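Please look over the structure below alongside these notes, which are written for someone meeting such a model for the first time.

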Amino acid sequence: MKHPRLGKQHRGIHSLQFRFFACIATASAVFVAVMILLNLLFFQQYYLQQKKAKLTTIYKTINSLYNGDINILTDKIREIENSNSIRISIVDEFGLSLYDTIYQHDRENKFKSGMMEPFGSIYVYDAEELEKKGYTFSQLNEQNGSTVYIALIGTLYTGDTIMLRIPTNALQENQSVNFMFLMFSALVALIACLLAGFFLGRKFTRPITEMTDVANSIARLDFSKKYSGEHNDEIGELGKSLNQMSDYLESAILDMQQMNVQLQKEIEEKQRIDDMRREFIINISHDLKTPIALIQGYAEGLRVGINESEEDKNYYCDIIVDEAKRMNYLVRQLLDLSRIELGNTVPSLSDFDAYELMEAVVEKTQVMWQEKQLHIDLSGIGEQTLRADYDMLERAVMNYMTNAIDHTPEGGNIWLLTGEDTRHILLAVRNEGSTLATEEMDKIWDKFYKLDKARTRVSGGGSGIGLSIVRAIMHAHNGGCGVRNVAGGVEFYLSLPKATLSENPET
């Protein structure tokens with residue numbers, strides 16, 4: 001595959017500008033050559049033909065005016081002679097000279113049938129053509145060879161004979177001078193045509209060269225170059241079409257890039273979901289494996305009577321019951337989380353006081369925090385009215401509270417707080433203890449994600465599901481949740497949009 005930048009290397013003898021110039025140069029050379037060839041081959045014949053035509057016209061003019069009296073035409077004949085450089089002779093039927101340009105006074109010269117020898121010249125003509133047409137042409141040479149004539153010999157209406165003759169010596173001189181001038185003119189014309197071809201070639205090929213550069217840029221996916229010509233012809237239309245194609249391709253490629261980015265995100269999201277699914281299966285298998293093994297082991301022990309006392313039996317039964325409860329609790333949490341995430345559990349909105357909600361959570365966890373001799377502070381709760389699903393929101397705050405109790409040092413403090421801004425109402429649970437690493441603040445909301453208990457808390461009674469349920473509950477309320485490190489501890493918060501307060505409660 002050729003690299004797009006190689007396009008510029010083809011400009012040379014194969015370029016459109018050079019071919020345009022070569023065409024003009026060839027056409028000019030052919031034109032000059034044809035002109036020279038025509039001059040060499042046909043100029044003499046053309047010159048003689050023009051002279052014969054002139055002689056014929058003069059003959060017809062004199063023939064129409066002459067009535068036999070030469071004195072009447074003398075002035076007219078002299079005018080014709082002076083304006084056309086022509087010699088005129090008229091003789092009667094007896095050969096007597098009636099008029100001659102030079103020797104008009106010599107009337108004794110004879111014009112004989114088929115031949116006339118006045119002034120030392122010999123004329124040979126076609127008598128048959130003379131009789132048929134009334135006039136004929138002849139070429140004559142003086143005896144000394146100094147002058148060559150082309151002559152018209154004709155019969156007038158009066159029966160007299162007229163001879164019109166033009167010297168042709170100038171023909172050779174004119175042909176030579178004309179040829180030299182033609183050669184010089186042809187050279188100048190050829191040079192002018194070449195220069196015109198060069199500049200015209202540049203002018204006509206410049207927009208094509210510009211469009212080529214634009215096309216090469218498009219091939220490199222660089223759409224910054226545009227055709228800037230203002231021609232109103234086909235080239236201009238082509239340039240506009242090229243610009244439109246560039247804009248269309250740029251837009252199409254941008255759309256494709258955005259689609260690729262979106263597709264990549266979808267692929268990554270699918271991969272993340274697949275990874276979460278595999279992780280979910282592994283985690284749920286791990287979390288269920290231990291209680292199932294314990295239940296199986298203690299149940300087999302009871303069946304084979306490995307214990308001998310009633311106290312051992314009760315202990316085995318308590319272990320089996322505890323592990324069954326743990327499995328039941330884990331399964332119920334997973335079912336609740338799935339229902340919320342799938343939208344099967346829709347919040348039932350009602351208005352209630354934030355303090356009442358937080359106080360109820362403290363009362364339900366009283367046994368837990370009193371056992372660790374913790375201090376609970378409710379003074380940070382303001383007078384906010386909440387509009388939400390009471391049970392779901394209580395469960396979210398309860399998860400925060402149990403996690404705080406688990407991870408607060410014995411004799412430590414827990415604060416329940418509320419706050420608000422222009423758009424949200426915040427509910428927070430803050431406790432003393434270790435802070436969270438920044439890179440783990442997003443991970444703790446994933447299912448089954450557990451941290452080192454020595455540094456942080458675990459949610460949902462150690463299942464790693466509790467915070468996932470909190471996130472699902474707040475998502476169902478169009479709200480949010482989060483965590484931040486504070487001085488001496490950690491604060492988990494819920495964000496409930498105020499917009500929900502204007503909605504009618506669901507029944």
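**Notes on the model**

1. The expected span here is 1.5 Å times one less than the number of residues, and helices (H or I, at least four residues) and strands (E, at least two) are DSSP runs, numbered from the N terminus.

2. This is a predicted model, in which local features need pLDDT of at least 70 and side-chain atom pairs count only at pLDDT 80 or more, while totals for chains, interfaces and linings use all residues. Residues are numbered from 1 along each chain as its sequence is written, and side-chain values use heavy atoms, with hydrogens and water left out.

3. Because 14 of its 18 residues are buried, helix 9 is largely enclosed by the rest of the structure; buried means under 20% relative accessible area (1.4 Å probe, protein chains only).

4. In helix 7 (residues 354-364), the buried residues include Leu 357, Met 358 and Val 361. At the start of helix 7, a side-chain oxygen of Asp 353 comes to within 3.0 Å of the backbone nitrogen of Tyr 355.

5. Strand 1 (residues 87-91) pairs with strand 2 (residues 97-100) in the antiparallel sense over three bridges, where pairing requires that DSSP finds at least two bridges. Five residues separate the two strands in a hairpin, and Gly 95 in the turn has a positive phi of about 85°.

How values were computed. Buried means under 20% relative accessible area, exposed over 50%, partly exposed in between (1.4 Å probe, protein chains only). A polar contact is a pair of N or O atoms within 3.5 Å; within protein, one must be able to donate a hydrogen and the other to accept it, and residues adjacent in sequence count only if both atoms are side-chain atoms.
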